[in-house]
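Trainee: I would like to go through the labels attached to this structure one by one, and to hear for each of them what it rests on.

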Amino acid sequence: MSGSQKLMKRFLNPKRKSPPPATNDPDHEGPSNSTIRSTRPCPLPVPTIRRESTVNLNELPYDPADRKRISEYIGPKLQDEIRRKYLVRDPYRPQRGFKYPQRSIGNIQRRFSTKWYDKYDWLEYSEKKDAAFCLYCYLFRDHIEGQGGNDAFVVDGFDCWNKGCRLKDHVGKSPNSFHNTAVKRCNDLLKHDQSVVVALDKQSKVTHEEYMIRLNNSISAARYLLHQGLAFRGHDESKESKNRGNFRQLGDLLADQNENTKRIVLIDAPRNNQMVAPEIQRDIAECYAERRDKDILEAMLEVKLLKRKFQQIRDDGWDSLLDKTYSFCEQYGIPKLDMEEHRPA
Ligand SMILES: [Zn+2]
C-alpha cells in the first residue's frame, strides 16, 4: 500500500473502539490485536457500511494478468463497485518509455504496437504476460452470453502481434457483439453511478443545481480536512449525535453560512442524496489523492526533461551556449556581456 493510500485510509476509517467483525476475507485489513487491546469498548454504534472490510478498492491489481475474475467477488454491489473503479482508472497501459518486448513470429521480429492505443480505447496491456486485453469485456465477461467471453483479449491475452486485424475482429461488426454489449453495460453502469467522478451524469429527482451545491459543500469540507490532516469520521454520525465527526460537522457549518445552501444541504436534501455518505467521503479523498499523484508524476517528468536539457547544453559545449545566448541578445536588442572570464577551464 502506498503512503498516500495509507493516509487516505486513516482519514476515512472512524476511530474504531470495538473489534471488527470476524471475517475470512483475505483482503480484510482490520486493526492489529495490539490496537484492539489498547482501546476501550465504545457503547455508541459504529457505522456498519465498511467496504474496505471486504475489498480495498485502492489495492485492486492494475496489471490484467494479476486480476481475479469479477465473478469471484461476492455480491452484485461489490462487483459493480469494482467495475466502476476499473472504469475510473481507464485501461491499464505501461508508462511512456516502456520497452515492449520483441519476439520472432515467422522469422520477423514483432512486438505490441502502441499505435493500437489510439484506435482502440478499450485496449490494455499486461507487462507481466506481454499480452493485450480488453478492459470492457473483462468487466462483464461472466455476465454476457456468447462465445466472445472466450476470446483471447478476455481470457489469456492476445499476443499475435502480426495479426493486428484481430483487434478489429474483437470489436465485431454487430452492435450486439460481445464486445459492444460489454461497452454498453459499462456505459449503463456509469450512467447510474452515484460516485463523485461521474456526478455530472447523475440526473434524479433533485435538480442538477441542488445536487452540485451539496457536492460542492462536501468537497469544501473534505478539502479542508485533508489539508489539515484531520480525521473525517466520527464515532456516532447519527442525527441525534452531538459530535458527528469532522466531515459532517464542518459540512453543516459551511452550509449554515448561506440561507440557500442551508436549505438545500441541511433541510431539503433527500436522505439518499446528501453527498455525505462514507462512500462519497472516500471518493472525494481518492480524487485528491489521485490528483496529487498525477502532480508528482508531472513534476518528476519536468525535472527529467530539465536535466536532459542541461546535459544537452553541457554536451554542446561552452561555444555553442555563447552563440545561442548572443543570438538571443541580438534578437531582442539586449547588450552583450563579455563572458570570456566565465569560460570553464
Ligand atoms: Zn472487448
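Trainee: Why is Lys128 called exposed?

Mentor: Exposed means over 50% relative accessible area, buried under 20%, and partly exposed in between, with a 1.4 Å probe and protein chains only; Lys128 has a relative accessibility of 60%, so Lys128 counts as exposed. By the same definition Asp66, at 35%, counts as partly exposed. Bear in mind that this is a predicted model, in which local features need pLDDT of at least 70 and side-chain atom pairs count only at pLDDT 80 or more, while totals for chains, interfaces and linings use all residues. Residues are numbered from 1 along each chain as its sequence is written, and side-chain values use heavy atoms, with hydrogens and water left out.

Trainee: What makes the contact between Lys128 and Asp66 a salt bridge?

Mentor: The term requires a side-chain nitrogen of Lys or Arg within 4 Å of a carboxyl oxygen of Asp or Glu, and the N to O distance between Lys128 and Asp66 is 2.8 Å. The pair links distant parts of the chain, 62 residues apart, with Lys128 in the loop between strand 3 (123-126) and strand 4 (131-134) and Asp66 in the loop between helix 2 (33-37) and helix 3 (76-89); helices here are DSSP runs of H or I with at least four residues, strands runs of E with at least two, numbered from the N terminus.

Trainee: How do you know that the zinc ion has a tetrahedral arrangement?

Mentor: Donors are N, O and S atoms within 2.8 Å of the metal (3.2 Å for Na, K and Ca), and Cys134 (SG), Cys137 (SG), His170 (NE2) and His179 (ND1) coordinate the zinc ion at 2.0 to 2.3 Å. Four donors count as tetrahedral if all angles lie between 85 and 135 degrees; here the angles are 102 to 119°, so the arrangement is tetrahedral.

Technical notes
Tetrahedral: all angles 85-135°; square planar, octahedral: opposite > 155°, others 65-115°.
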